[in-house]
Amino acid sequence: MKRWNREKVFDVVITVIMLLVALAFLLPLLNVLACSFSSPEKVVAGEVGLFPVEFTVRGYQEVFANDSLMRGFLNTLFYTFLGTVIQVTLQMLCAYPLSRPDFKGRKFLNIFLTLTMFISGGMIPTYLLISNLGMLDTIWAIIIPGCVSVFNIIVIRTYMQNSIPAELQEAARIDGCGDFQIFLRVVLPLCRPILFVMVLYAIVGYWNNYFNALLYIQSTDLYPLQRVLQDMLVTNSGSLGAGDPNLQEQLKYVTIIVSSLPLLVIYPFFQKYFEKGVVMGGVKG
């Protein structure tokens with residue numbers, strides 16, 4: 001009885017803590033949403049809480065009428081789609097042979113890849129490399145650098161080792177399947193949870209990436225959304241809200257919603273795979 005009471009108290013305490021943490025994240029988001037639909041004057045005056053004051057969609061009309069911002073939005077959609085396909089494909093293809101105990105050189109490659117997590121050339125050598133490869137001011141300067149994460153490869157490799165029986169792969173080999181067929185017909189269908197996790201990681205990474213564009217992109221036509229927002233709101237350039245300081249302040253909240261909404265919309269579709277994929281892909285001792 002005492003043990004049951006302790007477990008119940010523990011569950012209640014954990015539930016209360018998680019609710020407080022959820023509120024800590026939710027309340028600022030609600031405030032930003034309310035500010036984006038409120039009168040610019042009320043936003044500047046600090047009179048907006050969790051609900052809009054003097055409801056208006058003027059800020060959204062200003063944002064969606066801005067050509068450079070919408071071009072950045074479309075650029076980001078393209079970069080995110082293409083980058084996610086490339087990143088997930090390369091990581092899955094790299095993790096599969098590393099998960100096979102019969103793969104020669106497996107131990108050396110695991111050590112070599114792990115070392116790259118701690119040793120890198122740095123910003124200037126990376127810039128010189130991108131320049132020498134002819135990728136400056138091209139879409140590949142945003143997509144290629146960092147498109148393969150060693151951490152993600154390790155997680156995928158561990159998931160394959162823990163979740164896919166070696167006997168299943170041997171049975172497919174007996175049936176006449178080669179390595180590539182085993183990967184496509186046996187391994188890949190069983191990796192759906194970790195595959196969705198990696199897709200989510202890639203989408204979030206490419207959607208929020210502005211630093212590569214800041215370093216390697218000069219043409220404004222190639223700017224991703226985050227780079228456009230940085231240029232408009234941090235350096236105060238562009239025509240977004242020009243001539244109205246109050247509107248410019250409110251537009252900061254509007255652009256936060258516009259840039260964050262796609263991720264908020266897609267996350268629920270990946271959530272059911274997220275926990276299983278991360279737990280099964282965790283490195284076990």
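Predicted model: local features only at pLDDT ≥ 70, side-chain atom pairs only at ≥ 80, totals over all residues.
1. Overall fold. The protein chain has 14 helices and zero strands.

2. Burial and surface. The protein chain has 285 residues, and 34% of them count as buried. Its accessible surface comes to about 16800 Å². Carbon and sulfur atoms account for 67% of that surface.

3. Contacts along the chain. Taking contacts between residues at least 6 apart in sequence, 73% join residues at least 24 apart.

4. Ser39. This residue is found in the loop between helix H1 (2–36) and helix H2 (40–44). Is Ser39 buried or exposed? Its relative accessibility is 7%, so Ser39 counts as buried, the cut-off being under 20%. Leaving aside residues up to four places away in sequence, Ser39 touches Val53, Glu54 and Thr56.

5. Cysteines. The count of disulfides comes to zero; the rule asks for a pair of cysteine sulfur atoms within 2.5 Å. Cys147 counts as buried because its relative accessibility is 7%. Cys94 has 26% relative accessibility and so counts as partly exposed.

6. Largest pocket. About 430 Å³ of space lies in the largest pocket. Of the 18 residues that line this pocket, the closest to its centre are Ser120, Gly121, Thr126, Pro145 and Gly146. The elements that give two or more residues to the lining are helix H6 (123–132) and helix H12 (211–216). What is the make-up of the lining of the largest pocket, by nonpolar, polar and charged residues? It divides into 11 nonpolar, seven polar and no charged residues. Gly is counted among the polar residues here, which applies to Gly121 and Gly146 in the list of residues closest to the centre.

7. Second largest pocket. The space in the second largest pocket is about 230 Å³. Its lining has 14 residues, and the closest to its centre are Thr84, Val85, Val88, Thr89 and Val199. At least two lining residues each come from helix H4 (67–99), helix H10 (179–190) and helix H11 (192–208). Which element gives the largest share of this lining? That is H4, with eight residues. By type, the lining of the second largest pocket has 11 nonpolar residues, three polar and no charged.

Notes: Residues numbered from 1 in each chain as written. Heavy atoms only, no water. Helix = DSSP H or I, 4+ residues; strand = E, 2+ residues; numbered from the N terminus. Buried < 20%, exposed > 50% of the residue type's maximum accessible area, 1.4 Å probe, protein only. Contact = heavy atoms within 4.5 Å. Areas by Shrake-Rupley, 256 points an atom, 1.4 Å probe, with all protein chains shown as cover. 1 Å grid on protein atoms, 1.4 Å probe; cavity = no way out; pocket = protein on both sides within 12 Å on 5 of 7 lines; lining within 4 Å. Points joined across faces, edges and corners; volume = space filled by probe spheres on them.
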